[in-house]
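Biologist: I would like to learn how to read a model like this one. Please take me through it feature by feature.

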Amino acid sequence: QKITKGPLVVDLSTQTACINNEKVTLTSTEFKLLVLFVKNDGKVLARQQILEHVWGSNVHLLDRTVDVHVSGLRNKCKALKKYFESVYGTGYKFNSKPTNKKETAA
């Protein structure tokens, strides 16, 4: 099964991701994060939700663990940087149809 969001193609069967037809090398954790984001396109995900989905509910990690891994994912997926939004005090949102904040403010 493949999920396509803009220039991103995530292949669940091979656990690979390509941006603009170029393979992106991700850790298993980064891949799980990416899949969670694309499956919840446009939805705000709380850090706790992300922790439970990616690491499981029986693991005790700090919320900031999510920040570190999302930062790593953003760095590896530079072409998608505008798709990842930080939601102050809550978590993150992946938006495959990002709005230009400058246009919105006008």
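Biologist: Does Asn-20 count as buried, partly exposed or exposed, and why?

Modeller: Start with the cut-offs: buried means under 20% relative accessible area, exposed means over 50%, and partly exposed lies in between, with a 1.4 Å probe and protein chains only. Asn-20 counts as partly exposed because its relative accessibility is 49%.

Biologist: What should I know about the model and its numbering?

Modeller: This is a predicted model, where local features need pLDDT of at least 70, side-chain atom pairs count only at pLDDT 80 or more, and totals for chains, interfaces and linings use all residues. Residues are numbered from 1 along each chain as its sequence is written, and side-chain values use heavy atoms, with hydrogens and water left out.

Biologist: Where is Asn-20 placed, and what is its phi?

Modeller: Elements first: helices (H or I, at least four residues) and strands (E, at least two) are DSSP runs, numbered from the N terminus. Asn-20 sits in the loop between strand E3 (16-19) and strand E4 (22-24). Its phi is near 50 degrees, a positive value in a residue other than glycine.

Biologist: And Asn-21: buried or exposed?

Modeller: Asn-21 is exposed, because its relative accessible area is 77%. Asn-21 is also in the loop between E3 and E4. The phi of Asn-21 is near 65 degrees, again positive in a non-glycine residue.

Biologist: How many helices and strands does the protein chain have?

Modeller: The protein chain has 4 helices and 7 strands. From the N terminus, the order is β-β-β-β-α-β-α-α-β-β-α.

Biologist: How does the radius of gyration of the protein chain compare with that of a compact globule?

Modeller: The radius is taken over C-alpha atoms, and the globule rule is 2.2 Å times the number of residues to the power 0.38. For 106 residues, a compact globule would have a radius near 13 Å; the protein chain has 14 Å, which agrees. Its C-alpha atoms fill a box of roughly 45 × 35 × 20 Å along the principal axes. Of the 106 residues, 41% count as buried.

Biologist: What does Val-9 touch, beyond its neighbours within four places in sequence?

Modeller: Contact means heavy atoms within 4.5 Å. With those neighbours left aside, Val-9 is in contact with Lys-2, Ile-3, Thr-4, Thr-16, Ala-17 and Cys-18. Val-9 lies in strand E2 (residues 8-11). Val-9 is partly exposed, with a relative accessible area of 28%.

Biologist: Which backbone atom does the side chain of Asn-95 reach?

Modeller: A polar contact is a pair of N or O atoms within 3.5 Å; within protein, one must be able to donate a hydrogen and the other to accept it, and residues adjacent in sequence count only if both atoms are side-chain atoms. The side chain of Asn-95 reaches the backbone nitrogen of Lys-97 at 3.1 Å. Asn-95 is in the loop between strand E7 (91-94) and helix H4 (101-105). Asn-95 counts as buried because its relative accessibility is 15%. Not counting residues up to four places away in sequence, Asn-95 touches Asp-41, Gly-42, Tyr-83 and Glu-85.

Biologist: Where is Arg-64?

Modeller: Arg-64 is in helix H3 (residues 64-76). At 53% relative accessibility, Arg-64 counts as exposed. The C-alpha atoms of Arg-64 and Arg-47 are separated by 8.2 Å, and the two residues are 17 apart along the chain.
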